[in-house]
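Here is a short report on one protein model. Look at the sequence and the 3D view, then read on.

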Amino acid sequence: MSAAQVARRMLASFGVSTSKERERTFWWSSSSKASQTDTQSTCTPATSPEGEKRISPAGLSALQPYECYAAKESDLELAAGFFALAKVPRSKHSARLIKQLLRTIALLHSCQYDSKDINCVLAHAAVYHEEVSSHWVQLMDEDEHANVVGLLIFLAHCHVIDEACPLSSWHKCLFRRYCSVKRLNKALMQLMTMRKYVLRVSDDVLQARIKVLEAHIQREDSFG
């Protein structure tokens with residue numbers, strides 16, 4: 001069985017339509033946005049297990065105004081760590097992206113995933129972003145970029161976590177104001193095509209990124 005077939009079968013188990021139908025347009029055109037007003041998700045995440053800390057204060061300063069979108073204070077450090085690992089240009093740290101990332105982390109917490117699993121998911125997603133970003137980041141507007149980052153984390157969590165949260169729940173919590181489930185499916189398949197249907201990350205690359213996140217956790221613990 002090819003990598004593409006394995007990937008399609010995995011995604012189908014999480015409610016993703018794996019039709020080969022494609023669009024020539026980008027993922028979220030202006031006409032697909034349900035609202036230009038960015039309001040907070042109606043999902044209420046539960047308190048998570050052990051937190052993740054800590055990135056440099058310089059990286060956190062831009063995130064502080066968005067603390068209300070986090071499930072817990074330590075998620076700001078985790079988000080800053082993701083931005084650094086994914087090599088998201090500072091010019092692309094939009095309010096929309098910060099909010100979406102914090103909401104996505106909150107959704108992972110609400111599923112009661114262990115903090116080590118969340119670190120692993122974000123490490124995978126950071127690699128995905130780094131590897132495909134040269135193709136589209138500079139061409140996307142703020143909504144497109146924020147939504148694609150959320151989808152990369154969805155793909156990573158499907159690969160890492162045995163009991164993954166279905167796409168319908170992700171759509172309800174994170175994407176329903178911006179696109180339909182059908183468009184979300186198409187976006188996922190475009191991202192999978194760009195990844196050549198490979199979600200695995202080499203162990204050395206993955207461990208290096210996980211260690212960065214864990215180092216910040218230990219640093220925060222030492223601060224008390």
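The model is predicted: local features need pLDDT of at least 70, side-chain atom pairs count only at pLDDT 80 or more, and totals for chains, interfaces and linings use all residues. Residues are numbered from 1 along each chain as its sequence is written, and side-chain values use heavy atoms, leaving out hydrogens and water.

H4 covers residues 95-110 and H6 covers residues 142-160. Their axes come within 8 Å and cross at roughly 20°. An axis here is a line fitted to C-alpha atoms over the stretch in contact, and angles run from 0 to 180 degrees between N-to-C directions. Helices are DSSP runs of H or I with at least four residues, numbered from the N terminus. The crossing is right-handed: the near helix is turned clockwise from the far one by less than a right angle.

## Where they touch

Which residues of H4 meet H6? They are Arg 96, Leu 97, Gln 100, Leu 101, Thr 104 and Leu 108. Their partners in H6 include His 145, Ala 146, Val 149 and Ile 153. Contact means heavy atoms within 4.5 Å. By class, the contact of H4 with H6 has six nonpolar, six polar and three charged residues. Ala, Val, Leu, Ile, Met, Phe, Trp, Tyr, Cys and Pro count as nonpolar; Asp, Glu, Lys and Arg as charged; the others, Gly among them, as polar.

His 145 lies in H6. Is His 145 buried or exposed? It is buried, at 2% relative accessibility (buried is under 20% relative accessible area, exposed over 50%, partly exposed in between, with a 1.4 Å probe and protein chains only). Beyond residues up to four places away in sequence, His 145 touches Val 88, Lys 92, Leu 97, His 129, Trp 136, Val 137 and Met 140.

Cys 111 is partly exposed, at 27%. Cys 68 is exposed, at 53%.

Cys 173 sits in helix H7, residues 167-175. Cys 173 is buried, at 13% relative accessibility.

Definitions and conventions: Helices (H or I, at least four residues) and strands (E, at least two) are DSSP runs, numbered from the N terminus.
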